[in-house]
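Morning, everyone. Let me put the model up, and then we'll walk through it.

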Amino acid sequence: MEFYRCLICGDVYMGKTKPSHCPFCGAHDRYLVFNDEWVDENLSLKTLSEVSQNNLEKALQLEVNNSPFYRDAMNKTSNGVLRGIFKYLSKIEGEHASLIGKMLNGERKEPEEGKEVALDDDRANLEAAHAREVAATAFYKQAAGEAVEERVKKVFSALAEIESDHIVLEEYLLKND
């Protein structure tokens, strides 16, 4: 058994082989290292540039809005596969909010009113999810480019990749609906 740790969320995974993605935050396998090689890169964030601070705060709000949206979509669908996918996405987005909150020294936010509510139609929820992920990916790519701190750049780049994976999933589901 090996112990791997994610350079993005910091969570530990135990398994015989390294997974293709962090099971907690969805980061690609290149961000998974052996536990004894892991260093808490958040400790390097003594101060944040104003741009990074603002972008992290926007990212936190985005993730705080998305996690309960997916949870609500999960509760509203009768499709077992979609229920599992929405549950997975809710957990991933919640993990992203936790990660970003840690980078902001424990900052917490509440969902913006109405942003956490899903509709009663699966296709409409998939379309809304797709729009959210497209916006998130574009924002994270922009934020990665604007970041001056290596840790912030790495996190935003990883988040852009993860949200891009969600886009692919949602496009597949929408196409095969």
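Start with a question: in which hand does H3 pass H4, left or right? The crossing of H3 with H4 is left-handed. Keep in mind that this is a predicted model.

Stay with that pair. Helix H3 covers residues 122-146, and helix H4 covers residues 150-175. Their axes come within 8 Å. They cross at roughly 155 degrees. Angles over 145 count as roughly antiparallel, so that is how H3 and H4 run relative to each other. What kinds of residues make the contact of H3 with H4? There are 13 nonpolar residues, six polar and eight charged.

H1 packs against H2 at an angle of about 155 degrees. The axes of H1 and H2 are 8 Å apart. That angle makes H1 roughly antiparallel to H2. The crossing of H1 and H2 is left-handed.

H1 also packs with H3. Here the angle is about 165 degrees, and the axes are 11 Å apart. H1 and H3 are therefore roughly antiparallel too. The H1 and H3 crossing is left-handed.

How much space lies in the largest pocket? About 180 Å³. Which elements give two or more residues to its lining? Helix H1, residues 50-76, and helix H2, residues 80-103. H2 gives the most, with five residues.

Look at the lining on screen. Among the lining residues are Leu60 and Val64. Gly94, Ala97, Ser98, Gly101 and Lys102 also line the pocket. So do Gly106, Glu107, Arg108, Lys109 and Glu110. By type, the lining divides into three nonpolar residues, four polar and five charged.

Last topic, charge pairs. Side chains of opposite charge can pair when their charged atoms come close. How many salt bridges does the structure hold? Seven. I'll pick one of them. The side chains of Arg151 and Glu41 meet in a salt bridge, at 3.5 Å from N to O. Which parts of the chain does this pair link? Distant ones: Arg151 sits in helix H4, and Glu41 sits in the loop between strand E3 (32-34) and H1. The two residues are 110 residues apart.

To recap. H3 with H4, H1 with H2, and H1 with H3: each pair is roughly antiparallel. The largest pocket draws on H1 and H2. And Arg151 in H4 pairs with Glu41 in the loop between E3 and H1.

Conventions:
Residues numbered from 1 in each chain as written. Predicted model: local features only at pLDDT ≥ 70, side-chain atom pairs only at ≥ 80, totals over all residues. Heavy atoms only, no water. 1 Å grid on protein atoms, 1.4 Å probe; cavity = no way out; pocket = protein on both sides within 12 Å on 5 of 7 lines; lining within 4 Å. Points joined across faces, edges and corners; volume = space filled by probe spheres on them. Helix = DSSP H or I, 4+ residues; strand = E, 2+ residues; numbered from the N terminus. Nonpolar A, V, L, I, M, F, W, Y, C, P; charged D, E, K, R; others polar. Axes fitted to C-alpha atoms, helices over the stretch in contact; angles between N-to-C directions. Parallel < 35°, antiparallel > 145°, perpendicular 65-115°, else oblique. Left-handed = near helix turned anticlockwise from the far one by under 90°. Salt bridge = Lys/Arg side-chain N within 4 Å of Asp/Glu carboxyl O.
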